[in-house]
Amino acid sequence: MKFQNCVFFVLLFEIRLTYSDINNDVFTGLARQIGQKLWELGSNLTRHSELKNAFIKLNLTELNGREIIQEMSDRASTMIELKKSALYRIVNVVEEYSKNLSDIIEDKSDDQYKFNDAKNLSNEIKNMLSKDVNFFNTPVTTKLSTVHIPTDVFSGRNETLLGIKCTKELDRVFRHNYDSDPTLSWQYFAGISGFMRIYPGMEWDNFEPDLFDARSRPWYIEAATDPKDVVILVDNSGSMMGQKRKIARHTVNTILETLGPNDFVNIFEFAQNVSPVVSCFSKGLVQANLVTIRQLKNGVEKMNKSASLANFSRALTEAFEVLESHRRELLGSMCNQAIMLITDGVPDSYTAIFKKFNWGNSTEPPFPVRVFTYLIGRDGTDFRETRWMACANQGYYVQLNTMQEVKEQVYNYMNVLARPLVLQNIKKIGWTSLYVHKVDPKIIDYKWEMKQNEHQLNYTKSYKENWKTFLSTTEQVKRILARKKVELDQNKNIGDLEDFHFMISISHPAYDQRTKRTNVANLLGVAATDIPIEEFRKIMKPHYLGVNNFGFIVNNNGYIIMHPDLRPFFIKTLKPGYNSVDMLEIELLDHGNRDKLPRDFDIQVQMINNEPMYTLSNLSLLRDLVINQSDNSNYSFIVKYHFDNMKRVASGKRHYFIKKINSSPLTMVLTIMQPACKENPCLATRLAAPNAEENIKMTSEKIKELFSGNWNIHPEWFYCKFNYYNEYYKSYADGAINNKTSELMYFLKKMERDEFWKESRDPYANASEFLFVHEQVLILSKFFMIHTLQNKNYTFTGDKELIRNVIYDANVTKNIFQHLENDLQISPELNFNDDSLLNVFIATHSGLIRWKDFKNTTNFGIEHNKAIDEVWYKRAVHQYYVNDSSFVFSVPLYEEFTPDTAITASHAIFLKEKKKNLEAPAAVVGFQFRYTDFEQYVKNVINSVHNNFSAPIHFYILDNDGYILSTNNTFFIGKFFGEVHPSVMSMFTTCGIFKPIIVYDYQGVCFEDPNKSSSATRIVFINPLKQFTKIITWTIETFLWSVININFKIIISGFIIILKGEIMPQEESETESVQNFDSYIENSNIGPKYVQVKHIVMINRTKPQTCDRKVKLFHLESKNKWDRRSNCSQILQMVRVIPHTNLLLVILSNASENNNRSQSISTDPVKIVSNLYTSPVCYKVNAVLSRRRPSTCAKNHKEVS
């Protein structure tokens, strides 16, 4: 009975209305009065009419999609050519040096073997390091390179030291490359022995386990070998037990880490029978992206032990048939093919199988399939047959006795596959998918485990500090809801990328040039350089395109490289499949009233001659054009796009323009929203300041005049950047320049000089004079001089147009808040005072934001500094096309209500040029005020007319997406109306007041027990008593579930650390840990016995999995779409649109009986459980999605035996 009083505050009645309950005229007048007062308040505070006149000098021109994408792709192509030229120089120097490798080997002088170990730098080198904004603020030195050696590679090994010695001259090349191209990012050279030379020199981070090995990085994999189809056969017979099993599993995982998305793979375990380790990968090979590799690793981990004998004939036959079918049907990589056999012994040579499937009528190579064999264990007696299999099929044989030798031995297969490349001397460029700088994929799951350990630690502390409170029903429910909120809010702050440095890399192999003399075709290593995604953003110029228009980039596999809706992480953790998001999964068509099934990507299947024939339409056709780099294609679609943590949705017509990026597998796509003009069809429009603004001499007085008060600029836009170390970087190092605003101020001060702009150069505009191919490298003896045109005369790079725009906007808005300095006149009818208003703000098309705070507790422009990318900016622009004389109002959604909860109001200022049908937003103005004062005003207004209603009423003010802005009960503020009154919301949708819109989230993450699949349970706001019952039921089920299959060792260690104050010895068994903890609990009299509460104190450990989610959102329809038939007439009497706003006033009477039987309507995403596919991973590997294969394939050579 204790909890009964706790739920009374959320009680509210469902009602059925009768027409006589509401006075029509009074209701309409009520809505009109509220709307008029809000409009007057916003107009007085923001002076938007005056501002519109101030912006009138801005030039309006049409956004020509074809011209824009041509310019952008040309700039991107130039950028990539600059990076390639840097690689050519690195490779040329390494290969030229290799010609004298014999002399270097004979040189035994000790000083030649000294190098700067990135993990153990000398104090002298450490003192040279300083933070550099060009390299993610990492402390670096551009004077030299440092060397990273993997943890499990011995740094004193001759092969490693020789590779380091042979590449010491690269420092000169690295420095020259950076001097020639100031946009150049990290440069690398990784040798086949595992070392990696890094420029600029840096100290390696030792805070996390160092799992980094350059040979498993995507850029190394893509350059070292051409694409390959790989079948891994794992002997799972009774003899593969204990240490053998662990070595075999480690071997498989190491092979998987050497594969990339241009490779295809599958793993079959075999004993008496043969089966794939992942059941849904049964149709052949799967693309080796992060998601499938993770699934395969999990499958290997869960292989069941078998006591039967190994049937090698069946296993080899299965492998050859899979590879043969891919050759015949032109599937997979269509290049190299290999079988990796992992076993502890082979009883026979199986010559007949090789002759049937691989040799044909000839025993001389080349053969279509190479065979690599890995013999596990010291007791292997059948090494002759195992070795013969590899040697007779152009493969490689190794014997693995310990875990430590696995990686080095496995990597040898890449050298074998590289031999045809070396012999043909193919100059290939490798391209990676999107990835994160220095983050190893294996770290992702490790970091998630560490987060859970921290979570468990907090639970343990809370239990110890106050076990009674911890075990209370209220606290348990809070913890359940908090855990659920983490999953539901995974799309929050998706634009905050400061913790991750996303990039792609290009790479080039270096070959041993002594091949003709030594008859050995050796790969020396791989050179690479990074291209941060930030460089592509600069080229895309989001300020130029304007709000709701953007560009994105897709690679040859259809994967997104850059897109504003790419959500690669959640709660600062990378998603398992962050870099394999397909274009079809991110661009969502609006099918109108047709509710498409999930993953229905318009791929039509027709049966012709009893064979399935696939035809593409709509977005799938566009995807094919993008992948095949069809130039200047222009397609239009109605698409859906969401924002505000996937709580709001809009749709509109988008035009797509396609252009390839030359000499790359990348395609650029530009999408421009068709403006929803109410009059004549208008054109997509861009704004630009008058040209005269660029000639403003920026004196100190002028800067102070234009940039006073609170202001900020878009943190992700490129305004200006100084190219090299100079006084700017000294100012940066001293802390004088620490953000975008201080950088801009430093830049503006330099504009005082007349010749200032002549020192600026766009490095991607026309770089032909800066491109140097490998033939231009002059080799003089052992010293390398590179003939170049030095670029240091150009001290900075700036976006002249954006600078001009921001200066213009600063000049227009410099006195915007002057009228608020003295008497703050607020409409007395609103009952507002000085404490009611929190701030007033303006954000412009140039990314400038100004604000005035009325309370010291607000930092509006710091927290909301992304201008046109802010939700309130986008919503104001949308609202303009609905009602150009209105403000958009909103409250934080699903946040805890406090007296200072703010209502945000925003209004878009548009400029028009009717003769040319041009129209675009120049700025958005707005203000924030306390909710409690607004609520009091609404209550006063309603109470003043209360006698005009025939029954007691409950009022709701909803925004245009159905979220509650104001009501009698503050508990429901920011909640979706359908969760509070589902029956009424259902009637609203039936009568066309709100339109339901289904959105599929194909980038979702579900937190699932790694040992048990479970469906997500959603807690929603329904009748409070029912809600509480559901919570308790769910709690009990969760607690019971969490007891099953939990790794107690780490958890109990956490308990002991806190409760006992000492570290648990690592060798102590799980049983001893549990017993010690139980004994401690009983002896210290902390609460109930451990066995009674451990299911509450122990967290439910999960592992993030990719999953599809579905969310049903709602949007207010225009009044002319409302259903006015008789059966909806009573419903329409309940609502009134509040003029000059995006709000709907709803008044409900409780005169009728309580009707609380409807199921809650939620806008929370739910996991899709479909009969069509078991998981997104299984669907994607079996889907018919086209891809464009890399251009090179060197799989054989006449001299390769």
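1. In this predicted model, strand β43 (residues 1103–1116) runs antiparallel to β42 and is joined to it by 13 bridges. Within this pairing, Cys1006 stands opposite Gln1105 in β43.

2. The two strands belong to an open sheet of 3 strands, ordered β42-β43-β46 and paired in antiparallel fashion. Because β42 (994–1008) and β46 (1166–1167) each have a single partner strand, they stand at the edges, and one side of each is left without a neighbour in the sheet.

3. A separate antiparallel pairing brings strand β1 (residues 59–62) together with β29 through 4 bridges, and here Asn59 has Ala688 of β29 as its bridge partner. Strand β29 (residues 685–688) is covered on both faces, with Thr685 and Leu687 buried on one side and Arg686 and Ala688 buried on the other.

4. Turning to charged contacts, the structure holds 50 salt bridges. One of them is formed by Asp181 and Lys83, whose closest N and O atoms are 3.0 Å apart. The pair links distant parts of the chain, since Asp181 is in the loop between α7 (170–180) and β5 (187–191) while Lys83 is in helix α3 (residues 65–98), 98 residues apart. Both Asp181 and Lys83 are buried.

5. Lys407 and Asp213 also meet through their side chains in a salt bridge, at 3.3 Å from N to O. Lys407 lies in helix α14 (residues 406–410) and Asp213 in the loop between β7 (201–202) and α8 (218–224), so this contact ties together parts that are 194 residues apart in sequence. Lys407 has a relative accessibility of 15% and therefore counts as buried, and Asp213, with a relative accessible area of 1%, is buried as well.

6. In another salt bridge, the side chains of Arg599 and Glu585 meet at 2.8 Å, N to O. This pair, too, links distant parts of the chain, with Arg599 in the loop between β23 (588–589) and β24 (603–608) and Glu585 in the loop between β22 (573–574) and β23, 14 residues apart. Arg599 counts as buried at 4% relative accessibility, and Glu585 counts as buried at 5%.

Conventions
Residues are numbered from 1 along each chain as its sequence is written. This is a predicted model: local features need pLDDT of at least 70, side-chain atom pairs count only at pLDDT 80 or more; totals for chains, interfaces and linings use all residues. Side-chain values use heavy atoms; hydrogens and water are left out. Buried means under 20% relative accessible area, exposed over 50%, partly exposed in between (1.4 Å probe, protein chains only). Two strands pair if DSSP finds at least two bridges between them. A salt bridge is a side-chain nitrogen of Lys or Arg within 4 Å of a carboxyl oxygen of Asp or Glu.
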